[in-house]
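I opened a new page today to write down what I looked up in this structure. Have a look with me, and then I will go through my notes.

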Amino acid sequence: MNELPPLFDVNGWFGLPYNGEPEFPTASALLAHMDRLGVGRSLAWHVLARDMHAPTGNRRLLKDIDAVPGARDRLIPAFSISPSMPYEKNGMAEYEAAFRGGRVRALRLLMASQRLSWDMVMPIVEPIASFRPVILADIRQTPDLAGMVRFAERFPDIPLVLTHSMWPQQSTVMDLMRRCPNVLCDISWMHVMGVIELLSRQFGAERVVFGLGSRAHQGAAIAALVQANIPEAQRDLIAHGNMDRLLRLEPTPRYRSSLLEDPKRPLWKKIIRRESMDVDVVDAHGHM
């Protein structure tokens, strides 16, 4: 492998939080990160939807994407919701119109910060269920597993993508995938050797999608996907094909990582080509 496959990240976000330093303060900053790593598309939400008001953040999301030339083709909007939306004046009208118009096809559930339960989500999804939106939820923020199963069974045609699973949550995620055929998972924090192969073997590569972790991961999920011992057809499904299909989009274009042109960063090129890195590795987190 001399090039990265086309990559569709399901974990994009940008905006200024009310507290702390932002990873990506603007849509342009997120795009620069994508260019660096060679990511063609990102399913993105706006931090204002979490820290201030969901409809306001959703409006700002579309406005900020439209303000950057070329961003509309690469930053695919994912709307956020709040439990108060059905009770606000016109709280649902703008949200439903965005799905009817076809531009918005995904929801990002901010379960902890919005104090959402899965039962609260049901009446908000009901009016747009016929559009089969992709719904994404951070598994670390979703302790109500029984509610999640009820939701998945109530909407069997709606794909539910569980994100940010690391080793403490992986058994839980796999059990949910076993019980609910419309549950998928991303690989953003799955940097454990062999886990992508395991998921593909147990559930099919059609139920695994690519996602980036935090900025500090520096593309670790890309390395994990490239290094996974799976057929190229399965790698392409995980990299972009599944999300292209679920969101009914044209195939994600291939973007060449700018790191591949940087002579000061030879390891990235070796990782992508699956070559020996020829470096000493020190494990700082061993167990005995």
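I began with two terms: helices (H or I, at least four residues) and strands (E, at least two) are DSSP runs, numbered from the N terminus, and two strands pair if DSSP finds at least two bridges between them.

**Ground rules.** I am reading a predicted model, where local features need pLDDT of at least 70, side-chain atom pairs count only at pLDDT 80 or more, and totals for chains, interfaces and linings use all residues. Residues are numbered from 1 along each chain as its sequence is written, and side-chain values use heavy atoms, with hydrogens and water left out.

**The sheet.** I found six strands in an open sheet, ordered S4-S5-S6-S7-S8-S9, with parallel pairing. Its edges are strand S4 (79-80) and strand S9 (208-209), each of which pairs on one side only.

I then followed some of the pairs. S4 and S5 run parallel and are joined by two bridges; here Phe 79 stands opposite Leu 107 in S5. Strand S6 (residues 134-138) pairs with strand S7 (residues 160-163) in the parallel sense, over four bridges. Asp 138 has Thr 163 as its bridge partner in S7.

Are the two faces of strand S5 buried or exposed? I call a residue buried under 20% relative accessible area, exposed over 50%, and partly exposed in between (1.4 Å probe, protein chains only). In strand S5 (residues 106-109), Ala 106 and Arg 108 on one side are buried, as are Leu 107 and Leu 109 on the other, and both faces are covered.

**The whole chain.** I noted eleven helices and nine strands. Buried residues make up 52% of the 288 residues. I also checked the radius of gyration (over C-alpha atoms; the globule rule is 2.2 Å times the number of residues to the power 0.38). The chain has 19 Å, which agrees with the value near 19 Å for a compact globule of 288 residues. Its C-alpha atoms fill a box of roughly 60 × 45 × 35 Å along the principal axes.

For contacts (heavy atoms within 4.5 Å), I wrote down that residues 24 or more positions apart account for 74% of those with a separation of 6 or more.

**One last stop.** I looked up Val 279, which lies in the segment after helix H11 (266-272). Val 279 is partly exposed, with a relative accessible area of 43%.
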